[in-house]
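Please walk through this structure from its overall fold down to single side chains.

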Amino acid sequence: MLKQRILTAAWLLPLALAGLFGLSGGAFAAFTAAIVLLGAWEWANLAGLERGGKRLAPVVGLGALIALFYLADWRLAHWPLWLGAVGWLVNFTWVVGYPARLEQWRSTTMRLVMGLWVLMPAWIGFNVLRDAGAAWLLFVLLLVWGADIGAYFVGKSLGRRKLAPRVSPGKTWEGVAGGLAVTALLALAFAAWQSLSMGATLALLATTAVVTLASVVGDLLESMLKRHRGIKDSSQLLPGHGGVLDRIDSLTAAAPLFALVHSAGLWS
């Protein structure tokens with residue numbers, strides 16, 4: 001398994017970085033759309049559509065919506081990010097209330113709607129951040145990775161209090177604190193690199209904390225859906241790493257939320 005993970009990462013990471021930072025405009029929009037649509041194919045399974053045309057239909061529908069947004073020049077629009085933010089507040093209540101609130105989202109239709117407000121704003125968020133400059137897209141990626149690394153090591157060594165035992169038993173409050181500490185240091189380093197003012201630095205720190213917590217909810221949401229479906233990974237598209245959603249679940253929450261706050265120009 002370790003060998004397979006290394007082999008997959010050896011081609012996957014350069015490809016992802018080349019696409020995210022080597023492309024722009026329509027090419028970047030198409031690259032990120034491909035990632036999101038692979039995620040949609042996996043989400044259809046999480047929603048209860050296991051195979052055949054029924055599983056493909058949500059992918060085609062989301063693809064058509066993405067094409068419409070691009071052709072209508074809405075790729076950089078901010079209002080879908082607001083809809084996504086509201087959707088993530090709903091997702092948060094479902095994660096916190098699991099399994100008591102299961103009936104609110106257990107239907108296939110509701111889970112597909114949930115996927116729409118998760119995946120569509122994520123695609124918009126990627127494009128808004130890339131348009132703002134590769135540095136801010138890089139920051140969000142590092143934020144998510146830093147939060148994950150900090151949570152893993154601190155949670156492994158100091159973790160005692162379970163964060164959401166009915167959703168993801170391995171996560172702890174100490175791990176969340178570790179992730180917040182790492183991303184705060186990252187924000188300070190980034191602020192220094194970008195020569196931000198004191199006020200802008202404080203705004204970035206506050207935003208980083210909120211987005212870090214949102215990334216945790218993104219991870220927990222997918223864990224909740226997989227637990228409900230009784231599966232370990234969203235798919236086997238990435239040998240040794242599970243599926244695309246397993247790799248971008250935190251980003252689906254972090255990217256659109258950070259893009260929304262960034263559009264306010266708090267540190268421009």
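What follows starts with the whole chain and ends with one residue.

This is a predicted model, in which local features need pLDDT of at least 70, side-chain atom pairs count only at pLDDT 80 or more, and totals for chains, interfaces and linings use all residues. Residues are numbered from 1 along each chain as its sequence is written, and side-chain values use heavy atoms, with hydrogens and water left out.

Start with the fold. The protein has nine helices and two strands. Here helices (H or I, at least four residues) and strands (E, at least two) are DSSP runs, numbered from the N terminus. Along the sequence the order is α-α-α-α-α-α-β-β-α-α-α. The radius of gyration is 18 Å, close to the 18 Å that the globule rule gives for 268 residues, so the protein is as compact as a globular protein of that length. That radius is taken over C-alpha atoms, and the globule rule is 2.2 Å times the number of residues to the power 0.38. The C-alpha trace spans about 55 × 50 × 40 Å along its principal axes.

Of the 268 residues, 47% are buried. Buried means under 20% relative accessible area, exposed means over 50%, and partly exposed lies in between (1.4 Å probe, protein chains only). The accessible surface comes to about 12,800 Å², and carbon and sulfur atoms hold 68% of that surface. Such areas come from the Shrake-Rupley method with a 1.4 Å probe; for residues, only the protein chains shown count as cover.

Which share of contacts joins residues at least 24 apart? Among contacts between residues at least 6 apart in sequence, the share is 74%. A contact means heavy atoms within 4.5 Å.

Charge comes next. The protein carries 21 positive and 12 negative charges, and their mean positions are 6 Å apart. Lys and Arg count as positive, Asp and Glu as negative; His and the chain ends are not counted. Each charge is placed at NZ of Lys, CZ of Arg, CG of Asp or CD of Glu.

Side chains of opposite charge can pair when their charged atoms come close. How many salt bridges does the structure hold? There are six. A salt bridge is a side-chain nitrogen of Lys or Arg within 4 Å of a carboxyl oxygen of Asp or Glu.

Take Glu103 and Arg106. Their closest N and O atoms are 2.7 Å apart in a salt bridge. Glu103 is exposed, at 59% relative accessible area. Arg106 is partly exposed, at 36%.

Arg161 and Glu174 form another salt bridge, at 3.3 Å from N to O. Arg161 lies in the loop between α6 (134-158) and β1 (162-164), and Glu174 lies in helix α7 (residues 173-193), so the pair ties together parts that are 13 residues apart in sequence. Arg161 is exposed, at 55%, whereas Glu174 is buried, at 15%.

Lys171 meets Asp219 in a salt bridge of 3.2 Å, N to O. This pair links distant parts of the chain, 48 residues apart: Lys171 sits in strand β2 (residues 168-172) and Asp219 in helix α8 (residues 198-229). Lys171 is partly exposed, at 23%. Asp219 is buried, at 15%.

Salt bridges also link Glu222, Lys226 and Asp246 in a network.

Finish at Thr212. Thr212 belongs to helix α8. Is Thr212 buried or exposed? Thr212 counts as buried, with 2% relative accessibility. Leaving aside residues up to four places away in sequence, Thr212 touches Leu143, Ala147, Gly179, Leu180 and Thr183.
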